[in-house]
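Please read the following points with the structure open beside them.

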Amino acid sequence: MALTTDDRIAITDLINQHGHLTDRGDLEGLAALFTADVTYDVSALGGAALVGLPAIREAALALADGNPVAHHVTNIVMRETADGSVHALSKGLGIMADGSANSVTYEDTIERTAAGWRITHRIIRPRRTPLRD
């Protein structure tokens with residue numbers, strides 16, 4: 001079944017909501033975005049593949065002042081797969097307390113659950129090297 005306009009809006013809102021929740025410290029609210037057994041892979045950032053909401057919460061709290069003070073998401077593109085899940089690709093900007101900024105790419109697998117669309121797998125890849133000839 002093709003994604004409807006309502007599906008696309010719901011998935012876009014899902015991805016966008018991440019920054020609002022994390023920036024205000026509402027880590028319990030992440031349950032509205034991710035499945036309970038989500039894999040949240042920050043290994044490209046020097047971390048690990050975190051499994052489950054408690055692991056995400058613990059890692060965020062452990063990072064403390066190393067967390068961005070603002071998360072911004074843009075350039076969301078999505079495609080439906082044969083099994084009905086959605087692969088979404090988006091760009092993230094993290095603004096640090098000192099005003100510096102970092103860029104990442106979010107690679108999400110999103111599935112329709114009884115509670116609505118939820119992210120089941122997220123890979124975060126930093127963008128650290130500019131394009132060169």
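1. Leaving aside neighbours within four places in sequence, I11 is in contact with L3, M78, V86, I110 and W117, contact meaning heavy atoms within 4.5 Å. The model is a predicted one, in which local features need pLDDT of at least 70 and side-chain atom pairs count only at pLDDT 80 or more, whereas totals for chains, interfaces and linings use all residues. Residues are numbered from 1 along each chain as its sequence is written, and side-chain values use heavy atoms, with hydrogens and water left out.

2. I11 is also listed, with L30, F34, Y40, V86, I110 and W117, among the residues with the most contacts inside the largest nonpolar core, which has 24 residues. Such a core is a set of buried Ala, Val, Leu, Ile, Met, Phe, Trp, Tyr and Cys residues joined through side-chain atoms within 4.5 Å, where buried means under 20% relative accessible area (1.4 Å probe, protein chains only). Two or more residues each come from α1 (5-23), β1 (34-41), β3 (70-80), β4 (86-95), β5 (101-113) and β6 (116-127); α1 gives the most, with four residues. Helices (H or I, at least four residues) and strands (E, at least two) are DSSP runs, numbered from the N terminus.

3. The six strands form an open sheet with mixed pairing, in the order β2-β1-β6-β5-β4-β3, two strands being paired if DSSP finds at least two bridges between them. Because β2 (49-51) and β3 stand at the edges with a single partner strand each, one side of each is left without a neighbour in the sheet.

4. β3 and β4 run antiparallel and are joined by nine bridges; A70 stands opposite I95 in β4.

Technical notes:
Buried < 20%, exposed > 50% of the residue type's maximum accessible area, 1.4 Å probe, protein only.
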